[in-house]
Amino acid sequence: MDSIAKRVESDIRSGVKPADDYTEAMLAYWQYCTSGSATQDCKIAFDIRKDETQREILEALILSGCPDDDIQEAFRVPLSSIRTYRELFFDPARFPTRLSVISYLEHYPNEFGRSLKMRAMNIGYEYVLYTYANIMPKTKAQKELVERMFMTSAYKAMNINFCGITSATAKQALEHGKLMLKAYEALQKLGNDDLDASYDLSRILLSKNDSGEAPRPAPEEII
């Protein structure tokens, strides 16, 4: 993922001057590595690279397709810093297939980064924005989030078919079944709303039915 930066570093170690095909970002990195000088925006990108927490958050956002404008708004990272970082250190375009992304994540050595990137890919970059910038996803993104919640809970609830009814896994499967039903109810409510409106997930997911109780499935609906 950082092959461009490694090329610059290799040239420096070998005493090779910047080649004709060096981009502005490569020249800036070469200058920074050899003299320590850089523009403010470039220095931000290089400092992010050296800090584990900043690095993993930014890479999770880039990997999950978060628009650069959203990153800038949420974390005050200049657009040019994001572009420089992507070109030198982490460009998802270098992954030839989706399978290569999966392999990259499965073998990623940093546990914090692996967990964050997997969540960003599976849940969406909105998860990272909400977790670290307290930005609530809007409109369709919230509905997609509930849809993912429904499907994830449904698959995990099915684990009860592969274990004993009294096992810890079975108990967890039952809890996921409850969450699945709640997510299903939320999806029904979201489906009746205007897609251009701002969804209040906390209101929908924690709401009661007309009787004041959480909805219960009918006996024939229980599988």
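**Glu59 and the charged side chains of a predicted model**

The side chains of Glu59 and Lys117 are joined by a polar contact of 2.7 Å, in a structure that is a predicted model. Glu59 has its place in helix H4, which covers residues 52-63, and leaving aside residues up to four places away in sequence, Glu59 touches Arg49, Tyr85, Phe90, Tyr104, Tyr108 and Lys117. The relative accessible area of Glu59 is 2%, and because buried means under 20%, Glu59 is classed as buried.

The average pLDDT of the protein is 80, with 65% of the residues scoring at least 70. Among the elements of the protein, helix H6 (residues 79-88) has the highest mean pLDDT, at 98, whereas helix H12 (residues 201-205) has the lowest, at 47. Residues 194-202 form a stretch where the pLDDT is below 50, and in the model this stretch has 17 contacts beyond near neighbours in sequence. Residues 208-223 likewise have a pLDDT below 50, with nine contacts in the model beyond near neighbours in sequence.

We return now to the charged side chains. In general, side chains of opposite charge can pair when their charged atoms come close. Searching the whole structure gives 12 salt bridges. One of them links Asp2 to Lys6, with 3.5 Å between the closest N and O atoms. Asp2 is counted as buried because its relative accessibility is 15%, while Lys6, at 47% relative accessibility, is counted as partly exposed.

Another salt bridge, at 4.0 Å from N to O, brings together the side chains of Arg7 and Asp11. Both residues belong to helix H1 (residues 3-13), where Arg7 and Asp11 are four residues apart, or about one turn of the helix. In this pair Arg7 is partly exposed, having a relative accessible area of 32%, and Asp11, with a relative accessible area of 14%, is buried.

A further salt bridge is formed between the side chains of Glu106 and Arg114, with an N to O distance of 3.3 Å. Glu106 has a relative accessibility of 43%, so this residue counts as partly exposed.

Methods:
Residues numbered from 1 in each chain as written. Heavy atoms only, no water. Helix = DSSP H or I, 4+ residues; strand = E, 2+ residues; numbered from the N terminus. Buried < 20%, exposed > 50% of the residue type's maximum accessible area, 1.4 Å probe, protein only. Polar contact = N/O pair within 3.5 Å; in protein donor to acceptor, adjacent residues only side chain to side chain. Contact = heavy atoms within 4.5 Å. pLDDT = per-residue confidence, 0-100.
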